[in-house]
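Please examine the structure shown below together with its sequence.

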Amino acid sequence: MNRFLKISPFEITDNVFKLLDKDWMLVTAGNMKCFNTMTASWGHLGIIWNMPVAIAYIRPQRYTYGFANENSDFTLCFFEEKYRSILQFCGTKSGREHDKIKKTGLHPLDTERGNVFYEQARLVMECEKVYVDDLKKENFLIPEVAEKNYPNNDFHRFYMGKILNVWMKS
């Protein structure tokens with residue numbers, strides 16, 4: 001972690017819309033013995049219940065889904081553009097069939113809490129789950145949104161995590 005500077009979540013200066021939608025992130029759950037990561041471009045960063053939180057969305061068919069359900073924490077890692085091909089690979093290939101670490105050259109490290117993040121990341125958020133729920137078809141007030149994004153009714157589960165730690169590349 002000596003190459004990372006620990007900061008407060010309130011010191012993040014990135015445009016969160018660009019960070020989530022255009023830059024993408026790796027969502028990782030598990031520990032160094034057993035973990036999985038996936039690329040995501042849907043998420044939230046904000047304040048609720050007087051704490052900074054991040055929300056990650058994972059569909060049930062994703063391999064990371066089981067890891068996110070079984071573990072109390074998750075990490076979000078953001079990268080420079082030069083790592084786009086790694087994010088592309090981790091978003092299109094399943095950890096069930098591919099060793100993403102071996103195939104991408106990602107170098108996993110662990111936090112003091114035992115959560116996995118990557119040496120190549122430029123920004124890391126370590127989150128403790130505080131709320132989990134599934135998106136539900138009947139709760140969409142604009143039915144076309146559900147029809148367009150969930151034609152197979154494979155609604156995301158969302159994981160809201162209190163942001164415990166943030167590190168930036170120094």
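The following sections describe a predicted model.

## Nonpolar cores

The largest nonpolar core contains 24 residues, and Val27, Leu76, Phe78 and Met125 have the most contacts inside it. At least two residues of this core come from each of H1, E2, E3, strand E5 (51-58), helix H2 (63-70), strand E6 (73-78), strand E9 (123-134) and strand E10 (157-169). Another core, of 17 residues, lies apart from it and includes Phe4, Phe79, Cys90 and Ile101.

Beyond its neighbours within four places in sequence, Met125 is in contact with Ile12, Leu19, Leu45, Phe74, Thr75, Leu76, Phe78, Ile163, Asn165 and Val166.

Strand E5 is largely enclosed by the rest of the structure, because eight of its eight residues are buried. Met51, Val53, Ile55 and Tyr57 point one way from E5, while Pro52, Ala54, Ala56 and Ile58 point the other way.

Strand E4 (residues 43-48) runs antiparallel to E5 and is joined to it by six bridges; Leu45 stands opposite Ala54 of E5. Two residues separate the strands in the hairpin of E4 and E5, where Trp49 takes a positive phi near 55°. E5 also pairs with E10, in the antiparallel sense and over six bridges. Here Val53 has Lys162 in E10 as its bridge partner.

## Helix H3

In helix H3 (residues 84-92), the buried residues are Arg84, Ile86, Leu87, Phe89 and Cys90. Among the elements that cover these buried residues are helix H1 (16-23), strand E2 (25-31), strand E3 (34-40) and helix H4 (100-104).

Key: Residues numbered from 1 in each chain as written. Predicted model: local features only at pLDDT ≥ 70, side-chain atom pairs only at ≥ 80, totals over all residues. Heavy atoms only, no water. Buried < 20%, exposed > 50% of the residue type's maximum accessible area, 1.4 Å probe, protein only. Helix = DSSP H or I, 4+ residues; strand = E, 2+ residues; numbered from the N terminus. Contact = heavy atoms within 4.5 Å. Core = buried A, V, L, I, M, F, W, Y, C linked by side-chain atoms within 4.5 Å. Pairing = 2+ DSSP bridges.
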